[in-house]
Amino acid sequence: MSRKPFIAGNWKMNMTVATGTKLITDLKPLVKEAKCDVCLCVPAILIPAMVKAAKGSKIKIGAQNVHFADHGAYTGEISADMLNDYGVKYVIIGHSERRQYFGENNDTVNQRTLTALKNGLTPIVCIGETLSERASGDTENVLTRQLEFGLHGVEDVKQIVIAYEPVWAIGTGQTATDEQAQETIKFIRKKLGKMFCVKDANRVRILYGGSMNAGNCKGLMAQPDIDGGLIGGASLKTDFATIVNFEK
Ligand code: PEP
């Protein structure tokens with residue numbers, strides 16, 4: 001089953017209109033022959049300017065979250081309609097930093113995912129275990145819970161992208177080995193096969209995230225179940241283009 005590779009950047013709370021525009025302007029010629037889908041998930045306030053900067057290029061602009069309500073008294077939140085106003089296609093949901101610092105859990109992830117799908121957005125649903133969960137042999141249970149609760153009520157799993165991001169590898173420089181990442185992502189795909197059906201699970205793109213960079217991307221991308229990367233730190237520089245061009 002061939003799945004189109006997907007390299008997505010997560011700028012987190014970095015960049016301004018000026019620095020973001022400069023980076024995208026520099027990236028545009030470097031990614032023009034990309035064979036994969038490319039996206040940069042930028043801070044919400046930068047979306048309009050970055051959409052403008054990326055116009056006419058392979059780079060799609062994504063968001064870092066979406067609220068589950070259509071509108072209302074949710075100070076500080078962003079709705080799906082607001083993202084659709086700017087042609088945003090991809091939205092990260094349930095990033096471990098949201099779970100760790102902003103009280104998000106499998107239930108809010110589920111609500112946000114369903115809202116994104118209802119509004120034609122493609123959720124990049126993040127799951128992953130902490131270091132202590134891995135050390136105590138709990139990885140598969142944690143991932144199972146995140147998938148079962150997070151994707152509850154999803155009708156067409158093919159419309160979702162999953163990002164497997166071991167929390168211990170995010171922003172630490174400590175990448176999962178190619179084998180660790182492959183083995184865990186294979187488990188995730190098998191689990192999706194049981195929750196939905198094997199045929200659909202084989203069409204879901206599953207990304208690896210956690211200190212992926214220009215040096216280690218080839219080995220990770222060579223694994224049969226890894227379909228791409230969610231890139232934090234390395235998406236803030238033109239190194240991102242080397243990852244996008246991993247097939248060269
Ligand atoms: C991320 O933010 O999803 C991430 C994987 O960050 P980093 O690449 O910096 O580890």
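Two strands count as paired when DSSP finds at least two bridges between them. On that basis, this predicted model contains an open sheet of 8 strands in the order S3-S2-S1-S8-S7-S6-S5-S4, with parallel pairing. Because strand S3 (59–62) and strand S4 (90–93) stand at the edges and have a single partner strand each, one side of each is left without a neighbour in the sheet. On average, and with direction ignored, neighbouring strands of this sheet are turned by 25° against each other.

- On to strand S8 (residues 228–231), S7 pairs in the parallel sense over 3 bridges, and here Gly209 stands opposite Leu230 in S8.

**Burial of strand S7**

- Strand S7 (residues 205–209) is mostly covered, since 5 of its 5 residues are buried.
- Arg205, Leu207 and Gly209 point one way from S7, whereas Ile206 and Tyr208 point the other way, and all of these residues are buried.

**Helix H1 against the sheet**

- Helix H1 (residues 17–30) lies across strand S2 (37–41) and S3, and its direction makes an angle of about 145° with S3.

- The buried residues in H7 are Thr139, Val142, Leu143, Thr144, Gln146, Leu147 and Gly150.
- These buried residues of H7 pack against several helices, namely H4 (96–101), H5 (106–118), H6 (131–135) and H8 (178–195), and also against strands S5 (122–127) and S6 (161–164).

**The crossing of H7 and H8**

- The axes of H7 and H8 come within 11 Å and cross at roughly 45°, which makes H7 oblique to H8.
- The crossing of H7 and H8 is right-handed, and the contact is made on the H7 side by Thr139, Glu140, Leu143, Thr144, Leu147 and Glu148, and on the H8 side by Thr184, Phe187, Ile188, Lys191, Leu192 and Met195.
- As background to such contact patterns, an α-helix has 3.6 residues a turn, so residues three or four places apart point the same way.

**Two loop residues with positive phi**

- Met15 is placed in the loop between strand S1 (6–10) and H1, and its phi is near 85°, a positive value in a residue other than glycine.
- With a relative accessible area of 24%, Met15 is partly exposed, because that category lies between the 20% limit for buried and the 50% limit for exposed.
- Ser211 is found in the loop between S7 and helix H10 (217–221), and although Ser211 is not a glycine, its phi is positive at about 55°.
- Ser211 has a relative accessibility of 17% and therefore counts as buried, the cut-off being under 20%.
- Leaving aside residues up to four places away in sequence, Ser211 touches Ala169, Gly171, Thr172, Gly173, Gln174, Thr175 and Asn216.

Technical notes:
Residues numbered from 1 in each chain as written. Predicted model: local features only at pLDDT ≥ 70, side-chain atom pairs only at ≥ 80, totals over all residues. Heavy atoms only, no water. Buried < 20%, exposed > 50% of the residue type's maximum accessible area, 1.4 Å probe, protein only. Helix = DSSP H or I, 4+ residues; strand = E, 2+ residues; numbered from the N terminus. Contact = heavy atoms within 4.5 Å. Axes fitted to C-alpha atoms, helices over the stretch in contact; angles between N-to-C directions. Parallel < 35°, antiparallel > 145°, perpendicular 65-115°, else oblique. Left-handed = near helix turned anticlockwise from the far one by under 90°.
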